[in-house]
Amino acid sequence: MRQNYLFTSESVSEGHPDKVADQISDAIVDLLLGRDPEARIACETLTTTQRVVLAGEIRCRGVYENGHWAPDALREIEDTVRSTVREIGYAQDGFHWEKLSIENHLHGQSAEIARGVDSDGNKDEGAGDQGIMFGFACDETPDLMPATLDYSHKILHRLAADRKSGAAPFLEPDAKSQVTLRFENGQPVAAEAIVVSTQHAKDYCQPWEKDGRSGGDQAKYDELLAYVKGVVADILPPALLSDRTIYHINPTGVFEIGGPDGDAGLTGRKIIVDTYGGASPHGGGAFSGKDPTKVDRSAAYITRYLAKNIVAAGLARRCTIQLAYAIGVSHPLSLYVDTHGTGAEGVTDEALERAIGSIERLGGLTPRAIRTHLSLNKPIYRRSAAYGHFGRKAEGDYFPWERTDLVEDLIAALR
């Protein structure tokens, strides 16, 4: 395993057009699960200039049954879309929560998919799709996440908090970040480069002139640069920053047009941002807009939970876990553990696989067992749709896959 290298991860803010789409899709998931914990949802969202388009399939008691919408259901969905966009902060000429148009093309779930997934008689609930899912954890940060992604998320989360509180009124919702760290002996030792591009209020950019038009204000631009550098200094450990760290802050100079007005957004296009920033393999399935019978979501959560508990237990410093499923089949086709040569003395990857399989309360990692163990049939997903699904704090019903309550079970199963 390589020990000395540069590695980079990026994040995008809640105002990025793809993340606006993810949050709308997960707000719909929360709305429907709040009405029916057994709802089936696959909601895709498109965002563009003054328009949101919903598509996909659903089944939800009291909302959509037998091909018909309940009274006021369509209005509730529209209200959910608008309130989500409002909370993100979009009230701009090109994308305004109150003025945008909404097209709803959601329809009933395929009866053939339902037949494969639903439990019936002696048949257990099957997986909502085929596929492979990966989970990962490492000891680079207290959150047991890759440091490059952890810092990228936190920079943008801080920008959003300051924008909403009024501490940084010159910021607008769309933003991206990127952190490059130097690793020695497998641990981060220096920040080589920091990239932050944030949408901003008018004239908070370098002075410019083109085609008879002009704009920008150097003093305001300098204020924005100083603010962003201050946030970076607050987020990254001081030991990582030095006068050798290279900053690229709004490198195009002007970023006034952003969000869905600047570029179209789609649900599920930020799967690396959502997971581990490229530090782990990815099975290819997105999370947002899907109910937890879809193993793209639930199995990715349980693999993170397992990998995190292995690292938290001191059984490895780095851990990747893969699960594979077939649609309509309840038990996983395979379980794979790789600790990348960092396992504790006497603890093999094969032993960890056997230990996971022997823990009764994991229920053989069937879709129903995963949902039950992590209590996933709840309206808890909108919060996960920006700043990463992993490395978050488990609070109440939220982010249960971040708990480390399996440590003792794993240690006992290895004895």
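This is a predicted model: local features need pLDDT of at least 70, side-chain atom pairs count only at pLDDT 80 or more; totals for chains, interfaces and linings use all residues.

Me: How many aromatic pairs does the count come to?
Reply: Rings of Phe, Tyr and Trp pair if their centres lie within 6.5 Å. By this rule the count comes to 13 aromatic pairs.

Me: Is the pair of Y90 and F95 stacked or edge-to-face?
Reply: The centres of Y90 and F95 are 5.4 Å apart, and 85° lies between the planes. Planes over 60 degrees apart count as edge-to-face. So the pair of Y90 and F95 is edge-to-face.

Me: Is Y90 buried or exposed?
Reply: Y90 has a relative accessible area of 0%. Buried means under 20%, so Y90 is buried.

Me: How many residues apart in sequence are the parts that F170 and Y227 tie together?
Reply: The two rings have their centres 5.5 Å apart and their planes at 80°, so this pair is edge-to-face. F170 lies in the loop between α4 and β8, while Y227 belongs to helix α5 (residues 218-235). The pair therefore ties together parts whose separation in sequence is 57 residues.

Me: Is Y227 buried or exposed?
Reply: The relative accessibility of Y227 is 15%. Since the cut-off for buried is under 20%, Y227 counts as buried.

Me: Which residue has its charged end over the ring of Y247?
Reply: A charge sits over a ring if, for Lys, NZ is within 6 Å of the ring centre and within 35 degrees of the ring normal. Here the distance from the centre of the Y247 ring is 4.8 Å. The residue with its charged end there is K229.

Me: How far apart are the end C-alpha atoms of helix α2, and what should its residues span?
Reply: Helix α2 (residues 73-88) has 16 residues, and at 1.5 Å a residue they should span 22 Å. That agrees with the model, where the end C-alpha atoms are apart by 23 Å.

Me: Which residue with a positive phi follows α2?
Reply: Among the buried residues of α2 are I77, V81 and I88, and the buried residues pack against elements including α1, β3 and β8. After α2 comes a residue whose phi is positive, near 120°. That residue is G89.

Me: Is R371 buried or exposed?
Reply: R371 is found in helix α10 (residues 367-374). Leaving aside neighbours within four places in sequence, R371 is in contact with residues including E38, E125 and N377. Its relative accessible area is 4%, so R371 is buried.

How values were computed. Residues are numbered from 1 along each chain as its sequence is written. Side-chain values use heavy atoms; hydrogens and water are left out. Rings of Phe, Tyr and Trp (its six-membered ring) pair if their centres lie within 6.5 Å; planes under 30 degrees apart count as stacked, over 60 as edge-to-face and the rest as tilted. Buried means under 20% relative accessible area, exposed over 50%, partly exposed in between (1.4 Å probe, protein chains only). Helices (H or I, at least four residues) and strands (E, at least two) are DSSP runs, numbered from the N terminus. The expected span of a helix is 1.5 Å times one less than its number of residues. Contact means heavy atoms within 4.5 Å.
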